[in-house]
Amino acid sequence: MASEAAVLEHAHDTDGQAWSGGKAPFKASYGKLMMWYFLLSDAFTFAGFLISYGALRFSSVTWPVPDFVFNKIPFFHGDKALPLIFVTFMTFVLIASSVTMVRAVQEGRRENKKGVILWMFLTIIGGATFLGCQAWEWTTLIKEEGVSVTINPFSMHTEGGQYLSGQELESAGFTKVEKDMHGTKATYYLGKGVADLPENRYFEKVTHSGKSMVGQSFKAGGPYLITINHGTHLYENSAYKTTDNKIVKETFGPTAFGALFFFITGFHGFHVFSGVCFLTIVMINVASGVYARRHNHYEMVEKIGLYWHFVDLVWVFVFLVFYLL
Amino acid sequence: MDAHMSYDDQKKLVVKGLKLLGAITLIEVLIALTAKGYLIPGVHFHGALMYVYMAAMVGFSLYKAYFIVYNFMHMAHEVQGLRWSVLMPTLLLVWAVIAFFQEGSSWGKRRQQIQQKNTEKVEKAPANGSLDYDGETVKYLI
């Protein structure tokens, strides 16, 4: 009896207009609407990551200086700083690939199969180029500079000072030690009456190309990098004298930086990578005529287009918090 | 968008988007390099100017985001209900940003306080002396 009543009630309901289904109040297909809501949820995920970056950065006394961390470009070695040039190029690549995606969607609306394939192909090239750039950036940070999820050699001086030479350290009562480390001879200085442990070793400041920075002075707020010269795991914390004549050494930057950088840019890069995969699949389907037979103006291209623009949109904010601020 | 625009207009919009987004990014980077003292010798933003710089960067980024969502993702031509159902929840993030950044700087203050207290040198008080307490001289016994 009860079920019969329910059925009757239901039948009565379907006589109504708005709630009976078959209508699209948002004038968008189910797939497109769900893509929008997926992107909304993804925006919250990214916002969560970026907000945690902001909160941790605000909670730290020091933080790596972006234009000092990201100042390398490929095929150009040396100590000359080229701040933010490479990441600007990466941003242009992603913008360009977003633009070619818009063209692909437009050609899809006109049922121009060849046009869709051409513009999607260019979009894929853009996405792959971006991934290649990111791979280079990661390699440089990990291999050359020694950043990892647990180690961050980049930081900012909280006080002014001047890098000390070996003689200056010796005359201040430090003892010189020469030791074979990772196959090369390392020279460092130990304070009075302390054991020869990594945390007690004071080094002379050198750049990555081995140029001495002894005698150079710096101000509070100036960026620095603890260089690695004797294998990846030995960090040379350089000795310096503060303006009030204390001898101290550079300390590592906030640990969270590496984890946040690799996790957030990695999560974005993973979006780019999956985007490239989906674009390739959709492009192959376009070429084989799957969407032409659906006669829906290549809606699948439009949906993957939404995803691709979102990836570009997220980069706008990743670029803002990691590189500009 | 397609019902609203001719094919030529669509192509023009794409070129406009490329130029606009590229130009904003270039301006952002040029301002960033000027602010950090790389472009003009002797010019380096500090204090209040740095906050203006940050606000400008956030503003440029939000404009880029708006342009991408409204023109490239065609949000401008969607039904208002769809637009609201996507954009209104996003507005909740504004509060999340304010709340967590506030919390973050509070952690920072605690951290600094702990550091300061850890390095603080306290001299041992002499036995049975007196000290200044809220403007009053108080005697104590140890």
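**A buried helix and the core around it**

Val318(A) sits in helix α9 of chain A, and it makes a handy starting point for a look around this predicted model. Is Val318(A) buried or exposed? With 22 other C-beta atoms within 10 Å, against the 20 or more that the label requires, Val318(A) counts as buried. Setting aside neighbours within four places in sequence, the contacts of Val318(A) are Ile264(A), Thr265(A) and His268(A). Phe261(A) is 57 residues away from Val318(A) in sequence, yet the two C-alpha atoms are 9.5 Å apart in space.

Of the 26 residues of α9(A), 23 are buried, so the helix is largely enclosed by the rest of the structure. From its first C-alpha to its last, α9(A) reaches 36 Å, close to the 38 Å expected at 1.5 Å a residue.

Val318(A) also turns up in the largest nonpolar core, a set of 76 residues. Val318(A) is one of the residues with the most contacts inside this core, along with Met120(A), Leu279(A), Val286(A), Val301(A) and Phe319(A). As a general point, nonpolar side chains in soluble globular proteins tend to be buried together.

Beyond its neighbours within four places in sequence, Met120(A) is in contact with Ala104(A), Leu279(A), Val282(A), Met283(A) and Val286(A).

Now for chain A as a whole. Its secondary structure comes to nine helices and nine strands, and buried residues make up 37% of its 325 residues. The C-alpha trace spans about 95 × 55 × 35 Å along its principal axes. The radius of gyration is 28 Å, whereas a compact globule of 325 residues would have one near 20 Å. Among the chain A contacts between residues at least 6 apart in sequence, 70% join residues at least 24 apart.

How far apart are the centres of the two domains of chain A? Taken over C-alpha atoms, 40 Å separate the centres of domain 1 and domain 2. Where these domains touch, twelve residues come from domain 1 and nine residues from domain 2. The domain 1 side of that contact has eight nonpolar, two polar and two charged residues.

Chain B has three helices and two strands, running α-α-α-β-β from the N terminus on. Its C-alpha trace spans about 95 × 45 × 25 Å along the principal axes. A compact globule of 142 residues would have a radius of gyration near 14 Å, but chain B has 28 Å. Buried residues make up 13% of chain B. Of its contacts between residues at least 6 apart in sequence, 41% join residues at least 24 apart.

Finally, there is the meeting of the two chains. In this interface, 44 residues of chain B are in contact with 41 residues of chain A. On the chain B side, α1, α2 and α3 (80–119) each supply at least two residues, and the largest share, 17 residues, comes from α3(B). By class, that side has 26 nonpolar, eleven polar and seven charged residues. As for α3(B) itself, its 40 residues reach 59 Å from first C-alpha to last, close to the 58 Å expected at 1.5 Å a residue. This helix is hardly covered, with one buried residue among its 40.

Definitions and conventions:
Residues numbered from 1 in each chain as written. Chains lettered and ligands numbered in written order. Predicted model: local features only at pLDDT ≥ 70, side-chain atom pairs only at ≥ 80, totals over all residues. Core = buried A, V, L, I, M, F, W, Y, C linked by C-beta atoms within 7 Å. Buried ≥ 20, exposed ≤ 12 C-beta atoms within 10 Å, placed from the backbone. Contact = placed C-beta atoms within 7 Å. Helix = DSSP H or I, 4+ residues; strand = E, 2+ residues; numbered from the N terminus. Rg over C-alpha atoms; globule rule 2.2 N^0.38 Å. Domains from an automatic or database assignment. Nonpolar A, V, L, I, M, F, W, Y, C, P; charged D, E, K, R; others polar. Expected span 1.5 Å × (residues − 1).
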